[in-house]
Amino acid sequence: MSASAVFILDVKGKPLISRNYKGDVPMSKIEHFMPLLVQREEEGALTPLLSYGEVHFLWIKHSNLYLVATTLKNANASLVYSFLYETIEVFCEYFKELEEESIRDNFVIVYELLDELMDFGFPQTTDSKILQEYITQQSNKLETGKSRVLPTVTNAVSWRSEGIKYKKNEVFIDVIESVNLLVNANGSVLLSEIVGSIKLKVFLSGMPELQLGLNDRVLFELTGLSGSKNKSVELEDVKFHQCVRLSRFDNDHTISFIPPDGDFELMSYRLSTQVKPLIWIESVIEKFSHSRVEIMVKAKGQFKKQSVANGVEISVPVPSDADSPRFKTNVGSAKYVPEKNVVIWSIKSFPGGKEYLMRAHFGIPSMEKVEVEGRPPIGVKFEIPYFTVSGIQVRYMKIIEKSGYQALPWVRYITQSGDYQLRTS
């Protein structure tokens, strides 16, 4: 059993739109959702599943909206939650932003989408690219083709249409890694992880089969490639797009798939290995008399010298009553953002191995307040192209299509900051 009905509610709990799929739960039961949610919130016992008698409300909040599915007992909750998140992605593809106004302006197309997304309480076609082939929107009006079911919907490869043709066949592969890091005041790394994704942009004719080879440790061990010359990585929490043949990956760690057309995320992964901070920050506060302080910040690039970090932003917290800012830097520029109580030091290009200094002078009415407030952590943003901190590599991309055309795969590596914070004393 799955969802009986789906509702989209405004921030006050008023239904904006709904779709009854099974008719076994009265639609009026939704009236109990918001009072129940408020009550649980006040009790500090709010959960993603709320129950009223035999009726269960499975809900998520997005922007200023609640998406709620009602169901009776023995429902597949994980399936319903996956459906709700997929529904948000589809609506965002159509309307760019999913909010109350976009729902009110597009009632007709929302109803049509809800009809196609689910049938008798079970998810159907949730791929926005396929939906957009036969549900299109112009000036908030719906246009539907004569044929309600495309070949792709009943096809085994529902995420790709047949008959796609390109003059030039290409595949662009982006390997993007975000570094999450938390360092305490004495320089010890408290949290360190790499969250990665491999994104593809596919311009290939026909119905090609692709095989992607990575320097995956398990694959190396299976094929006898492991050794000192072959650097490998051990991927954790790997999640694949639905196009990947999971049985093949389970057997021999080959990533084999027929790709969707255009942009999509092929896979995501996580590495909990200890990461050396790529940009190291030290800061010192010096007091001058009772009303002035100087914050000295030193930044060092601890990655290889041939790489360059772009768009570096170092957010240095300052006391909430600071005034009269003056800055001195040997690279980049610094500005005071009083509404956030930070100084943002911007460095356009930061080569590995380099060390830079920034001094900020402030007037402080009360030094005692500074000591009571404490100091929030320093945040760092950056992006390093042509570099992965994990060492993951695309070893090959095989493209097989019955017409036998030649295609060019292009690979790009990017490392960027995720939640990257350094605490100061």
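This is a short talk on a few features of one protein structure.

Okay, hi everyone. Before anything else, this is a predicted model, so local features need pLDDT of at least 70 and side-chain atom pairs count only at pLDDT 80 or more, while totals for chains, interfaces and linings use all residues. Residues are numbered from 1 along each chain as its sequence is written, and side-chain values use heavy atoms, with hydrogens and water left out.

Let's start with a sheet. When I say helix or strand, I mean a DSSP run (H or I, at least four residues, for helices; E, at least two, for strands), numbered from the N terminus. And two strands pair if DSSP finds at least two bridges between them. In general, strands of a sheet pair through backbone hydrogen bonds, either parallel or antiparallel.

So which order do the three strands of our open sheet have? The order is E14-E12-E24, and the pairing is antiparallel. Strand E14 (255–257) and strand E24 (394–400) stand at the edges, each with a single partner strand, so one side of each has no neighbour in the sheet. On average, neighbouring strands here are turned by 15° against each other, direction ignored. For that angle, axes are lines fitted to C-alpha atoms (for helices over the stretch in contact), and angles run from 0 to 180 degrees between N-to-C directions.

Now look at E12, residues 209–214, which pairs with E24 in the antiparallel sense over six bridges. Find glutamine 211 on your screen: its bridge partner in E24 is lysine 398. Towards E14, three bridges join the antiparallel strands, and leucine 212 stands opposite isoleucine 255. Is E12 mostly covered or mostly open? Mostly covered: five of its six residues are buried. Buried means under 20% relative accessible area, exposed means over 50%, and partly exposed is in between (1.4 Å probe, protein chains only).

Next up, charges. Side chains of opposite charge can pair when their charged atoms come close. I'm calling something a salt bridge if a side-chain nitrogen of Lys or Arg is within 4 Å of a carboxyl oxygen of Asp or Glu. How many of those does a search of the whole structure find? It finds 13.

One of them joins arginine 19 and aspartate 115, with the closest N and O atoms 2.4 Å apart. Arginine 19 lies in strand E2 (residues 15–20) and aspartate 115 in helix H4, so this pair ties together parts 96 residues apart in sequence. Arginine 19 is partly exposed at 27% relative accessibility, and aspartate 115 is partly exposed at 35%.

Another salt bridge brings together glutamate 193 and arginine 270, at 3.8 Å from N to O. Here glutamate 193 sits in strand E11 (residues 189–203) and arginine 270 in strand E15 (residues 262–271), 77 residues apart. There's a network of salt bridges too, linking Glu193, Glu236, Asp237 and Arg270.

Aspartate 263 and lysine 201 also meet in a salt bridge, at 4.0 Å from N to O. Aspartate 263 is in strand E15 and lysine 201 in strand E11, so that pair ties together parts 62 residues apart in sequence. Aspartate 263 is partly exposed at 48%, and so is lysine 201, at 36%.

On to helices. H2 covers residues 77–95, and its 19 residues reach 27 Å from first C-alpha to last, close to the 27 Å expected at 1.5 Å a residue. That expected span is 1.5 Å times one less than the number of residues. Its buried residues include Val80, Phe83, Leu84, Thr87 and Phe91. As background, an α-helix has 3.6 residues a turn, so residues three or four places apart point the same way. Just after H2, lysine 96 takes a positive phi of about 70°.

Last stop: the loop between strand E10 (170–183) and E11, where you'll find alanine 185. Alanine 185 is partly exposed, with a relative accessible area of 48%. How far apart are the C-alpha atoms of alanine 185 and proline 377? They are separated by 8.9 Å, although the two residues are 192 residues apart along the chain.
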